[in-house]
Amino acid sequence: MKQLWSFIRKESRHILRDKRTLAVLFVMPLAQILIFGYVISTEIKDARIGVLDNAGDYSSRQVIDRLVSSGYFMVQDYYSNSRQMENALRRGDIQMAVVFSPDFGSDMERPDGTSVQFIADASDANTARMLVNYAEGIVAGYELQSTEVLNQQNTPLIVEARMFYNPSLRGVLMSVPGIMAMILILVSAMMTSISITREKEYGSMEVLLISPLQPWQIILGKVAPYVILSLVNAITILAVGIFVFHVPMSGSYLLLTFVSLLYILLSLSLGIFISTVAPNQMVAMFISLFALMLPTILLSGFIYPIENMPVWLQWFSYIMPPRYYISALKDVMFKGAGLLVVWKEVLVMTGFLVAFLLLSIRNFKVRLE
Amino acid sequence: MEASSYVINVKDLVKKFGDFTANDRLTFHVKRGEIFGFLGANGAGKTTAIKILCGLSVPTSGFVEVSGYNVKTQSEKVKSSIGYMSQKFSLYDDLTVFENIRLFGTIYGLSSGEIKERSADMLSRLGIEEQRNRLIGTLSLGWKQKLAFSVAVLHRPKIVFLDEPTSGVDPITRRQFWELIYQAADEGITVFVTTHYMDEAEYCNRVTIMVDGRISALDTPSGLKSQMKCDSMNDVFLKLTRPN
């Protein structure tokens, strides 16, 4: 026990004395969440629109007011002819143009109705689609209200959409679990695999294996400080998410801690596994980066929804451990789900943990013959 | 042969990696307090043999006993009775001299009182008491090697294994290093050393020369020289490894 403790102290010293890596470890999570929170936002806010109002009547002005008061749009300019409008769109001054037909208001009372046209700059296809969707929704709301006054007796079917758990569709909600998953797997798996292969590379692993230390003591000693480091990182990300970006936390902190700890252990076992495969630090780093970071970002549902992937990639995403953590985290944080909801994720993660540990032990034995 | 006077007993040791035989029926015995040199070209099977002796690798067949314990079945007991130092690693660069001593002292089961006492004694013998809190990384390679050796014998092992301990250091430091080895041998520690410096072979009590996984000679340096009719160990080595 004394041996293990002295070994853990030695490993902590390695980490604490490497100021540069330490700085990266603590600054990286902060930078990530701030970048994702402030810069990369997928929601629409103050999108620049231009108006070509050929009608200029009460109804058209009402529609524009509604668009603006929604907070999603901001009128950049008014145009008097379509050439001006097209030029503005081409220059990128506006992201979408709203065109009213000359008899917009009066046509509204006619049975075949009237029309308003949205012309969006689709060189950024995702944003264009979202702008049009938002605008359509707002106009539909207006239409419903004004026709309701006219003929209340035959109310048509009303579809009312409400976004639960993330009512304002804020992108930062989506990115907090993703960043947690990415940072924790990076810190835990990459840092441990590098630090274990470093001992192999420098030849100190041999000295340790010849010493009375047991292999499990060596591994535990190397891994223990990273558990603490990962927990600190998890707390930082959560704190920034909750207090700066007001990400909701409706579930139990206990369950959140349990799920996160399980994921950290899973990542550490993955790091140990990588270190039994990689001959040196460089290889360990590349395996971690390409086998962990990219798939975490691309395939775990962090940025791109899994449902939109081709089927074979969806299958691939089933073997991405972060996928389950992200899903469990979302359930717990946003929906306030309990263990009864996330038990499947917990089970899968435990399975991964055991599998990586068994593989590591096997590889370790093969190496020693 | 009385078993008690030998601390290493190796009989018909064979180690195979697939079809390749790294150690081919090695048989040798090392006496207590002896400085036993293990010579051979790169790839002759020295490292494989030393790994088996230290319990890091399992022999394919044969009998290996180190400090009275069978390496196959009692490797844990073997481990706590030996010390080990390799050319590649000499202490952690980002820890101080004393932190390194304390780490390895604790790993080998010394109490903190013993560590304090022995490290003070060791540093004063080396004449570097004032470097106690210096980072190892800021020391010269020669000092690192000398410290690494002193740390390897800190727990007073029965045998210390040195795997090319002096490669890359200058002749003066090498000389000083060998003085440390003699001191350890005087205290009754058996020294098992591999080297490719032939002048160092002359310092050993007995020398084994390995060629292609086999022991091709085993005797005192002077015995080998007279047997092979050579003036120096260098010539002996060349004659054995390149017969033509």
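Me: Before we count ring contacts in this predicted model, within what distance must the centres of two Phe, Tyr or Trp rings lie to pair?
Reply: Rings of Phe, Tyr and Trp, the last taken by its six-membered ring, are judged by their centres. Planes over 60 degrees apart make a pair edge-to-face, and planes under 30 degrees apart make it stacked. For the centres, the limit is within 6.5 Å.

Me: How many aromatic pairs does that rule give over all chains?
Reply: Just apply the ring-centre rule across the whole model. Over all chains, the number of aromatic pairs comes to 19.

Me: What kind of pair do A:Phe100 and A:Phe104 make?
Reply: Both of these Phe residues are buried. Their ring centres sit 4.9 Å apart. The planes meet at 70°, so the pair is edge-to-face.

Me: Which residues of chain B do ring pairs link into a cluster?
Reply: Look for Phe rings joined through ring pairs in chain B. The cluster is made up of B:Phe28, B:Phe36, B:Phe38, B:Phe161 and B:Phe192.

Me: Which residue in strand 2 of chain B is the bridge partner of B:Asn9?
Reply: Strand 1 (residues 6–17) of chain B pairs with strand 2 of chain B in the antiparallel sense, over eight bridges. For B:Asn9, the partner in strand 2 is B:His29.

Me: Is A:Val283 buried or partly exposed?
Reply: A:Val283 sits in helix 11 (residues 281–299) of chain A. It belongs to a nonpolar surface patch with about 740 Å² of accessible area together, whose members include A:Met282, A:Phe286 and A:Tyr304. With buried meaning under 20%, the 30% relative accessible area of A:Val283 makes it partly exposed.

Me: Which residues are linked with A:Glu11 in a network of salt bridges?
Reply: Start with A:Lys10, whose side chain meets that of A:Glu11 at 3.2 Å, N to O. A:Glu11 is buried at 1% relative accessibility, and A:Lys10 is buried with a relative accessible area of 1%. The network links A:Glu11 with A:Lys10, A:Glu199 and A:Lys222.

Me: In the salt bridge of B:Asp24 and B:Arg25, what are the closest N and O atoms' distance apart, and is B:Arg25 buried or exposed?
Reply: B:Asp24 counts as buried, at 16% relative accessibility. The closest N and O atoms of the pair are 3.4 Å apart. B:Arg25 has a relative accessible area of 55%, and over 50% is the cut-off, so B:Arg25 is exposed.

Me: Where do B:Asp121 and B:Arg125 both lie?
Reply: These two form a salt bridge with the closest N and O atoms 3.7 Å apart. B:Asp121 is partly exposed at 36%, and B:Arg125 is partly exposed at 48%. They're four residues apart, about one turn, in helix 4 (residues 112–126) of chain B.

How values were computed: Residues numbered from 1 in each chain as written. Chains lettered and ligands numbered in written order. Predicted model: local features only at pLDDT ≥ 70, side-chain atom pairs only at ≥ 80, totals over all residues. Heavy atoms only, no water. Pairing = 2+ DSSP bridges. Helix = DSSP H or I, 4+ residues; strand = E, 2+ residues; numbered from the N terminus. Buried < 20%, exposed > 50% of the residue type's maximum accessible area, 1.4 Å probe, protein only. Patch = residues over 30% accessible without salt bridge, like charges linked within 9 Å, V, L, I, M, F, W, Y side chains within 5 Å. Areas by Shrake-Rupley, 256 points an atom, 1.4 Å probe, with all protein chains shown as cover. Salt bridge = Lys/Arg side-chain N within 4 Å of Asp/Glu carboxyl O.
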